[in-house]
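Here is a friendly walk through one protein model, taking its helices and strands in turn. Have the viewer open as you read.

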Amino acid sequence: MDKSNKDLFTDYPLHNKALELAKDFKRIEIELVEIIQKIDASKIFRKLDFASLYEYVSQGLGLSESVSYSLINVSRKSMAVPELKLAIVQGSLSISQAKRITSVITNVNASTLIAKARVMTQKEIEKEVAKINPKAGVPERARYISETRVELRLSLKEEIIKNLRRIQDLECQRTKTTCDLEKTLEVIINDYIQKHDPVKKSEKVLHKLSLRTVNSNANTKADSGTNDDANENQQTQIQNTKMTENSPRINIKHEGSHPKINQRVAISSEINHQVNQRDQGQCCYKNSQGARCLNRRWLDVHHRKPIANGGDNSLANLITLCKAHHQLQHESES
Ligand SMILES: [Zn+2]
Ligand SMILES: [Zn+2]
């Protein structure tokens, strides 16, 4: 069994090749981290039609979700912590070792953590990280375990789980059936969507408004408008106003980017609902290949033709854009 390295290389050319490739792989990973840092700093991914660095690395470079996350995490962290960058460039810490400590590493604890990350197993270093930041010890994860079911892993504050159990008790009591945690979460989530999702809300409001139109048409034809109908219409209007004012909704303020405009008429709630229905709460930017931006948060409503140039608040002149694409749009206009 005593074999020198030379014998191994001769006897196992496959092993030799694998060693060579592994070395290349590590070198390329380091080069990628360095180049991603430069791309991040210059923001050129925006000029290339990508809303974020993540979108660029995953879609533009075609790397997997998890590889993209670790490359970006390690790139950004090693900008802030030079010692981490040095360890990576010198090859004393691999990218996969580095990514385990990015959530907690600082310039103060860098030396100790890097030394530990080099020698400890994944489980051991996870424990070390959890000691510094209990939340980071269990990274949030949603993973498909069948075609229609997802396993969700996350750590929660004790108080949240106590309240969740409380809602579970209440729901069992209310429905007089056994209600597991999944059912409890479903009830809470549906309740939130009904109350606060601007897309759902716009669907309801626009449906009510269309009924109102049908009703009032019917009434005009029959010439028999009753007080009940009038009340109902009024209520719909009141609800309509209340809903749009109180809820977290797509930001329609559209300030800052238009310093020249002082007098701006607010977009009516009806038009705002129509925009939400049409755009479904998602950025409408399409890249040169025609693929639509996937962002469904940090959204603005943009005027295709600026108010200053005679644009108005009509549905056709309004479009939902994410912050990044909104900014890009204004940069390309100026
Ligand atoms: Zn705009
Ligand atoms: Zn976008």
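Is the crossing of α6 and α8 right-handed or left-handed? It is right-handed. Please keep in mind throughout that this is a predicted model.

**Two helix pairs**

Two packed helices are described by the angle between their axes and the distance between the axes. The table gives these values for two pairs in the chain.

| Helix pair | Axes come within | Crossing angle |
|---|---|---|
| α6 (residues 82-89) and α8 (residues 110-119) | 9 Å | roughly 30° |
| α11 (residues 158-175) and α12 (residues 181-196) | 9 Å | roughly 90° |

Let us take α6 and α8 to begin with, whose axes cross at roughly 30°. Because angles under 35 degrees count as roughly parallel, α6 is roughly parallel to α8. On the α6 side, the contact is made by E83, L84 and A87, and on the α8 side by A110, S111 and I114. Sorted by class, this contact has four nonpolar residues, one polar and one charged.

For α11 and α12, the axes cross at roughly 90°, and the two helices are therefore roughly perpendicular to each other. Here α11 brings L164, I167, Q168 and E171 to the contact, while α12 brings L181, T184, V187 and I188. The classes in this contact are five nonpolar, two polar and one charged.

T106 sits in the loop between α7 (95-99) and α8. Is T106 buried or partly exposed? It has 13 C-beta neighbours inside 10 Å, so T106 counts as partly exposed. P82 belongs to the stretch 82-89 that forms α6.

**Helix α4**

Helix α4 covers residues 53-60, and its buried residues are L53, E55, Y56, V57 and S58. What do these buried residues pack against? Their partners are α2 (13-42), α3 (44-47) and α5 (65-80). After α4 comes G62, which has a positive phi, near 70°.

**The strands**

The strands pair up in two places. Strand β1 (residues 141-144) and strand β2 (residues 150-153) run antiparallel to each other and are joined over four bridges. Within this pair, A142 stands opposite L152 in β2. The two strands form a hairpin, with five residues between them.

Further along, strand β3 (residues 299-303) pairs with β4, again in the antiparallel sense, over five bridges. In this pairing V301 stands opposite T320 in β4. How many of the residues of β4 (residues 318-322) are buried? Five of its five are, and the strand is mostly covered. The cover extends to both faces of β4, with L318, T320 and C322 buried on one side and I319 and L321 buried on the other.

**The chain as a whole**

Stepping back, the protein chain holds 16 helices and four strands. Buried residues make up 20% of its 334 residues. Among contacts with a separation of 6 or more, 56% come from residues 24 or more positions apart.

Definitions and conventions: Residues numbered from 1 in each chain as written. Chains lettered and ligands numbered in written order. Predicted model: local features only at pLDDT ≥ 70, side-chain atom pairs only at ≥ 80, totals over all residues. Axes fitted to C-alpha atoms, helices over the stretch in contact; angles between N-to-C directions. Parallel < 35°, antiparallel > 145°, perpendicular 65-115°, else oblique. Left-handed = near helix turned anticlockwise from the far one by under 90°. Contact = placed C-beta atoms within 7 Å. Nonpolar A, V, L, I, M, F, W, Y, C, P; charged D, E, K, R; others polar. Buried ≥ 20, exposed ≤ 12 C-beta atoms within 10 Å, placed from the backbone. Pairing = 2+ DSSP bridges.
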